[in-house]
Amino acid sequence: MARKNDDLGGYRSLFENAVEGIYRTTPDGRYLDANPALARIYGYKDPAELIAGLTDIARGLYVDPADRDRFREILARDSVVSNFEARVRTRSGEIIWIAENARAVTDGRDRLVCYEGTVQNITARKQAEESLRLAATVFETVGEAIVVTDGQRRILAVNDAFERMTGWSAAEMVGQSCDLLAVEMIGLREVDEMWRLAAGTGQWSGETWTRRKESEPFPAALALTAVDQGIDGRFVLLLRDITRKRRDEQRIRFHASHDALTRLPNRHTVMEALGESIVRADQTGERLAVLYLDVNRFKDINDSYGHGVGDELLRQVARRLKSCVRASDVIGRLGGDEFVMLLPSVGDHSAAQACANKVLYAFAEPFDMEGLQLFAGTSIGIALYPDDADGAESLLSRADAAMYHAKRGGLPYSCFDIEMDRQVAERVSLENDLRLALGEDQFRLVYQPKVDALSGAIVGAEALIRWRHPMRSDVSPGLFIPVAERAGLIGAIDDWVLVEACRQVAEWRAAGLNLPSISVNLSPAQFHDGRLKDKVKAALADSGLSPSVLELEITETMMASDVDRAIEILGQLSALGVRVSLDDFGTGYSSLAYLKLFPVSTLKIDRAFVTELPGNAKDGAIIASVIALAGNLGFSVIAEGVETRDQAAFLAARGCPVMQGFLFSRPVNAATFAALLSNPEGLIRL
Ligand SMILES: Nc1nc2c(ncn2[C@@H]2O[C@@H]3COP(=O)(O)O[C@H]4[C@@H](O)[C@H](n5cnc6c(=O)[nH]c(N)nc65)O[C@@H]4COP(=O)(O)O[C@H]3[C@H]2O)c(=O)[nH]1
C-alpha cells in the first residue's frame, strides 16, 4: 500500500532505506504510510502491519500518558513537534526511548490533510547518558576520594570527597602531577613502582601514606586502576583516609600490650622486652639489670582508703618511676602493686643500686591524693643478667626473690644472691604446706604469762601460735606468718587463733583457773578486715568470755597508713569492751600527736629496748619516758622480752611492774600453763 503512494516520488528509495522511521497519518491518527525502519523500531516485521492501524499516539503506546497529551498539545498548538523524547512500548512490550518529529500537513486552504513525521530509537544514547549520569553522581557523592589522571600522572579530575579529604580544590589540582600527593615517608621509588605495577597488571591496591594541602601526612587505602592500558591510558586513584582505622588498630594493640590503669607495658610486654634485652646483652656483652619493686603496705592502703585511692596511688607510682629512668628504659606493671624496671647496659651492681636509690628518693615525697598526703614506701629487688640468671623468667623471679628478701629484712633494696633461691624454694614449699595446715589441725597455741613482778601473780597471757609441721620441727611464726600474709592465708589463721584462745581461757575458767586477760596478736590484714568487729563478737559469744578479758595486740605500723581509719576501727573495738595493746611501741611510727587519739589501753615496750638494760642509758631513758607518757595518757604499760632479774628490777623501779619474758616463763602449752596458773606461789617475784 505504501508503494502505491507515489507522493514521495524520487524520494521513495530514501524513504525505504532510511535509518529513521518515517510515517504519514490521517488526521485521526491512522497510518497512511510507514517505512521499514519505523516498523523495526516498533517491533513489526513489515510496515504493512502498521498501515491503517492506529499510530502510537492513538494507540496509547506511551509509557507515561502525560507524554501523549503533551505531544498532542504541542502539535495542535504549533502544528509542529521537534525532537520530542519519550518512552514507548514496542509491540512485544519492551520499553524504548524514541525521539520524534512531526508536523501537520495542510492544503492550500489551510485544511489539515495529514500528519507526517520521523521517529528515531534513542534507547542506546539514553542508556549511555544514564550511566554517565550515574557515574557522575557516584564520582561526586562517593565517600572515597577519586583522582583521574592521564598516562603521565597528570590530574584530569578530582571529586568532592578528594577536596574534602585533602583540602585541595579541583581547580588547584587539575593539570598538576599526581606526585604532589606523595609524602617523604613513601619514597618516590616506591611510588614509581606502584604506578608501574598498576600499568602492568591493571591494578595496584594497598595501604600507603599521602598528604593534605597543608602537608600533613595521613595513612590511606589506595586502589590505583589503569582504565585504558597503553600510552594514553588513564588511571583512576581511589583513596580512603584510614587514620581512624589505624588509630583503632593502635588502640587495640596498646590495650593488649599495656596495663589499662597505669598505661605501662603489661607483664606480657615486659617479658618480650626482657627477652629482647637479653639477646642484645648477649651481643654487646653488657649487663642488664632488673629492678623488681612493690609498694609497701599497699594492701592496707587499698583496704583503708578504698580502691579509688589505691588506683590513683599506682598511677602516681608509675609516673614517679618513669621520672627515675631514661625514656628508653622499660618500666612495666606486672599486676597488683608490683612493678619492674629493665635497665639495659648497666655497668654493675652499683649502677643498679644507684637507680634503686633514685627510686627510693622519689618515694620519699608524699603522694598527693586530692589533698590527702600519703606516704608509701617501696621495697626493691635487684638481679643482673648474666650474673644472676640465664633467661628472662629466671631473671625476673630472682629479682622478685631479692625484693622479698628486702621486704622481710626491712631493707629498702637488696641484690639477689644464690642463698635467696633456697629461701624462695623454702617459701614456696612452706606456702604449699600452709594451705594444708589449717585443715589438718597442725596449729597449736602456746601461752606466755604476763606477770606482776612485784607479787609474782599472773595477770594475763599472750597467745602465740605454733605450727607443728608433720615433716619438720616446729616452724616459728616469725617464719611462716609473713609467708601466710603473702599467700593470703593469714586471715583464716588469725580467725582460728582468736576463736581458739577464747575457747581455751573459757575452758580454764570452767576448771576454776582464772586468767584475768588473754592477748591475741592481730595481723594487718585482720585489723583492716571490715568483719573484725563481728568476728571478735562471735568469738566472745561462743566462749562466753566477757569482752574485758580479751586484749588485741596491734602494731603501730598497722595504723600509720590511715590514721583516721585506724581510729575508727579502734573505736569500734573499744565500744565492744575489748582492750587494745600497742605492741612494739617505740620501734615504728610513734606519732605522739596521734597516740592520744587512739583508744588503746596498753603500751607494750618492745624487747629491743629491754635487751640491753640496765647498761644502755639511752634505752633506759626511752623506757623511762614511755612509762611516764603512758601514765600521763592513762595507758597501762607492759615490757616484753625480760630475761634477767636486773632488767626486771630496772623496769619495776621505773614504774613498770607488769612484764613478760623468759625470766618468768617461755611460752608454754595449755597444760603447762594451766599448771602455772594453779600454782598459788605464782612465778618469780622481785
Ligand atoms: N628473745 C626473747 N624472746 C621472747 C621473750 N619472751 C617472749 N619472746 C618471744 O617474743 C615474741 C613475742 O611476740 P610478738 O612480739 O607479738 O611477735 C610475734 C607476733 O608478731 C607473731 N605471732 C606469734 N603468734 C601469732 C599469732 O597467733 N597471730 C599473729 N598474727 N601473729 C603472731 O610472731 C612473732 C614471734 O612470735 P614468737 O616466735 O612466738 O615469739 C614471741 C615470744 O616467744 C624473751 O624474754 N626473750
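Biologist: Which residues have the most contacts inside the largest nonpolar core?
Modeller: This is a predicted model, and in it those residues are Ala-501, Ile-518, Ile-605 and Met-659. The core they belong to has 72 residues.

Biologist: And which element gives the most to this core?
Modeller: That's α17, with 7 residues.

Biologist: OK, and how many residues are in the second core?
Modeller: 51, and that core is separate. Leu-264, Ala-289, Val-317 and Met-420 are included in it.

Biologist: Switching to the ligand. Which residues come nearest?
Modeller: There are 21 residues around the ligand, and Ile-465, Pro-477, Asn-521, Gly-661 and Phe-662 come nearest.

Biologist: Which elements give two or more residues to that shell?
Modeller: Three names for you: β19 (457-467), α16 (477-486) and α17 (490-510). α16 gives the most, with 3 residues.

Biologist: How do the shell residues divide into nonpolar, polar and charged?
Modeller: You get 8 nonpolar, 8 polar and 5 charged.

Biologist: Now zoom out. How many helices and strands does the chain have?
Modeller: 26 helices and 25 strands. The chain has 686 residues, and 35% of them count as buried.

Biologist: What share of the contacts with a separation of 6 or more comes from residues 24 or more positions apart?
Modeller: 56% of them in this chain.

Methods:
Residues are numbered from 1 along each chain as its sequence is written. This is a predicted model: local features need pLDDT of at least 70, side-chain atom pairs count only at pLDDT 80 or more; totals for chains, interfaces and linings use all residues. A residue is near a molecule or strand if its C-beta atom, placed from the backbone, lies within 6 Å of it. Helices (H or I, at least four residues) and strands (E, at least two) are DSSP runs, numbered from the N terminus. Ala, Val, Leu, Ile, Met, Phe, Trp, Tyr, Cys and Pro count as nonpolar, Asp, Glu, Lys and Arg as charged, and the others, Gly among them, as polar. A residue is buried if 20 or more other C-beta atoms lie within 10 Å of its own, exposed if 12 or fewer, and partly exposed in between; C-beta atoms are placed from the backbone. Two residues are in contact if their C-beta atoms, placed from the backbone, lie within 7 Å. A nonpolar core is a set of buried Ala, Val, Leu, Ile, Met, Phe, Trp, Tyr and Cys residues joined through C-beta atoms within 7 Å.
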